[in-house]
Amino acid sequence: MSRISTLLLLFIAITPSLLSQSVLKGRIELTGHAAPGVTISLQPGDLQTVTDANGQFRFDQLTAGVYELAIFSTEIMPQHRTVELAPGETLALILTAQAAEQTLREVTVYGARDFRGIGRLPEAGALQVNAGKKMEVVSLSALDANLAVNNARQVFAKVPGTHVWENDASGIQVNVATRGLSPNRSWEYNVRQNGYDVSADPIGYPEAYYNPPMEAVERLEVIRGAASLQYGPQFGGLLNYQLKSAPQDQKIGVESSQTLGAYGLFSSFNAIGGTSGKLDYYGYFHHRDGEGWRDNSRYSVQHGHVRLGYRFSPQWRAELEYTRMNYEAQQAGGLTDAQFTANPRQSVRSRNWFNVPWNLATARLRYDVSEKTRFELAVFGLAGQRNSVGFVRAINIADTINLATGAYNNRQLDRDQYRNWGSELRFLTNYSLGGREQTLNVGLRYFDGHTDRRQLGKGDTGTEFNLDLQTESFPRDMDFDTRNAALFAEHIFRAGKYFAFIPGLRFEHLRNNSAGRLNINGAGEALVITPQQRDRSFLLAGFATEFHATPTSEVYANIAQAYRPVGFSDLTPPATTDEIDPNLHDARGWVSDLGYRGRWKNILNFDVSLFYMRYADRVGTIARLRPDGSVYQYRTNLGLSIHKGAETYVELNPLNLWPSANRRWGALNLFAALSWTDARFSDFLVTTVSNGQITESNLAGKRVDNAPRYVHRLGATYAYRTFSATWQFSSVSEVFADANNTELPSANAQVGKLPGYTLLDLSATYTFATHYTIRAGINNLADARYATRRAGGYPGPGLLPGEGRSWYVGAGVKF
């Protein structure tokens with residue numbers, strides 16, 4: 001009886017706020033005049049409308065509570081505002097918008113929430129040029145995704161062509177790529193957080209061991225290869241995690257989310273932020289642990305972040321940020337194909353561990369000379385480690401007890417330390433020419449990185465995580481230094497109302513230094529490599545254009561040179577008898593896009609495009625003969641690959657065809673993110689050795705390894721008031737795990753074709769009493785058995801299974 005009374009009291013308490021009808025209305029003004037045709041989005045509830053000829057909008061029959069109002073169109077900068085409605089209240093707003101290439105005085109917004117979480121950047125942001133580029137902006141708060149474990153196939157679902165490697169169930173590392181590039185730790189992207197570097201070394205070792213918890217991310221910004229002019233190396237373009245920031249209308253705002261799930265998942269995200277006068281602050285702490293779907297897959301991860309901002313005057317603003325991450329993960333290793341078929345959850349590696357402590361810091365100083373001109377100086381630094389200990393022999397070699405000692409054999413211990421710092425100075429100005437506003441963007445960058453790589457160490461014979469070295473030193477002890485200076489400029493020339501032309505240049509100067517000990521031989525002698533220094537300077541050029549076919553759609557095209565720097569691994573010979581080409585140079589090439597994108601009312605959102613990428617001077621190794629007949633390996637620039645294809649994103653809101661249907665029946669969003677890629681080697685020399693003789697052949701016509709021919713994701717989201725549910729279908733084609741396109745798997749499972757796979761996910765979100773949210777979902781609904789990659793080393797080696805069916809449920813609160 002007491003439970004019934006409690007439920008009755010709770011119902012009586014909540015019912016008035018649910019039934020009292022409120023109204024939100026307003027007017028949008030641009031340069032003192034009405035702004036018609038502006039899309040207004042209201043969350044929660046997934047409501048949308050468009051301003052009329054007088055710039056007015058109206059939402060009726062709203063429940064009391066806090067709402068997020070988003071304003072966007074092709075002509076204005078997107079704007080977000082939080083409003084609170086009392087029961088029965090009619091709230092009237094007058095909102096002042098600014099032209100798309102300008103910066104909001106109150107709130108600087110770089111992206112836009114559009115439809116169900118996908119949008120685009122304005123032609124010119126606060127300090128960067130985006131016009132003419134292929135881009136996606138994903139607003140995570142609008143997704144019904146499993147953010148607690150960074151489920152990349154859901155988070156990146158609306159970025160066409162995103163190929164995801166699933167190394168673990170914990171989502172500690174995000175491995176994504178597009179256009180036939182390798183997803184390995186997203187290293188074909190220039191990965192950033194809040195606009196600054198987070199990878200180990202963006203020049204020499206661009207692997208992103210760090211990514212923030214998705215619950216802390218406001219939006220993902222993805223700009224494809226033409227981003228090279230703004231952001232430098234990598235053919236994949238830019239991947240920027242833009243974190244949440246302080247609410248500007250609250251002195252104290254609190255957010256908390258707790259999630260439980262299958263296989264021991266527990267995730268806790270807690271944040272606080274606010275604005276008081278000239279000071280604003282935001283910080284979060286995140287903890288996640290679990291047992292994992294496979295045996296020997298325990299993990300624990302902690303994230304902490306704090307940001308402080310202070311506005312000295314209307315023109316001057318300073319910010320300080322610090323991020324700390326530390327995770328410890330047991331790695332189940334790979335499987336042979338036979339083991340995978342028998343039981344993909346099994347593990348034959350119980351002693352392999354991976355650990356990454358990561359520290360990021362940045363300081364920014366911004367000066368708004370006027371509404372049209374601004375500077376920003378950012379200084380950033382990284383102090384991190386990559387530590388691993390385990391039995392790393394091929395997966396078909398058992399990790400067994402040594403009968404002579406009664407214990408396991410010693411594990412291999414590898415440790416990297418990274419110490420980097422850099423700075424970027426950016427300038428953007430808008431000025432009038434020919435009766436139209438033009439935009440100039442200029443930047444200067446400096447980077448200084450140092451990596452201390454210690455490998456092949458003798459670890460202990462235990463099974464738990466332990467980084468104690470059992471000898472005095474590591475056999476391999478290498479030092480790598482990187483220096484990079486760059487100067488870039490892009491300009492938007494607007495000709496009339498419809499055309500924009502965007503030329504750009506980037507000057508790069510790079511220096512790599514490498515020195516140290518490669519190994520220690522059986523006699524205890526150090527095998528020291530000859531110190532190397534490589535300097536080079538070059539110019540990158542690019543051009544983009546836009547044609548505004550209608551007020552809400554545009555044709556865009558771009559072509560830009562790109563490069564991938566010579567990496568630390570390229571400068572490290574496998575043995576002292578091997579050689580590295582003294583003229584080894586960076587991989588070079590170019591990327592291009594041609595597409596049509598836009599929206600029709602609040603019914604259709606689309607981006608249909610073609611791409612072409614030339615990836616030349618790829619680095620590889622071939623065999624050579626010395627005069628004495630001995631064979632050695634020679635690392636040099638060997639090949640060329642051509643990547644071409646199509647990427648399509650279409651989202652349809654069919655119920656919006658009838659003005660009253662959205663309120664009566666809710667909203668239905670259907671989306672399709674489709675991609676087709678033909679990535680093949682055009683020229684790539686390979687050699688084989690038999691009986692002391694070298695035979696040369698060429699990979700021309702072979703498909704690029706780990707490049708799926710298609711990646712398709714389709715989904716449907718139904719939303720009614722504060723409830724929404726999303727069904728997602730993912731289909732990825734088969735891939736070859738090696739450049740030789742080996743069909744049958746090897747005994748160690750490191751090469752061989754991987755079959756394609758299809759996955760289904762279901763997730764839902766419900767918000768009640770304004771501040772409370774419940775999230776739940778089932779991943780891999782059909783419990784498909786699949787694998788996304790084969791590995792020759794960590795986190796394998798061998799075939800790495802994807803996760804089977806799992807579930808999660810979480811509760812959140814936000815005040």
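Biologist: Is Thr463 buried or exposed, or in between?
Modeller: Thr463 is partly exposed, because its relative accessible area is 32%. Partly exposed lies between buried, under 20%, and exposed, over 50%, using a 1.4 Å probe and protein chains only. This is a predicted model: local features need pLDDT of at least 70, side-chain atom pairs need 80 or more, and totals for chains, interfaces and linings use all residues. Numbering runs from 1 along each chain as its sequence is written, and side-chain values use heavy atoms, without hydrogens or water.

Biologist: Where does Thr463 sit?
Modeller: In the loop between strand E27 (436-458) and strand E28 (476-495). Strands are DSSP runs of E, at least two residues, numbered from the N terminus; helices are H or I, at least four.

Biologist: What does Thr463 touch?
Modeller: Ser350, Arg351, Trp353, Tyr408 and Arg411, leaving out residues up to four places away in sequence. Contact means heavy atoms within 4.5 Å.

Biologist: Switching to Gln385. Buried or exposed?
Modeller: Gln385 is buried, at 17% relative accessible area. It is part of strand E23, residues 373-390. Beyond four places in sequence, its contacts include Trp358, Arg415 and Tyr418.

Biologist: And the whole chain: how many helices and strands?
Modeller: Five helices and 46 strands. Of the 815 residues, 57% count as buried.

Biologist: What are the spans along the principal axes?
Modeller: The C-alpha trace spans about 90 × 80 × 50 Å.
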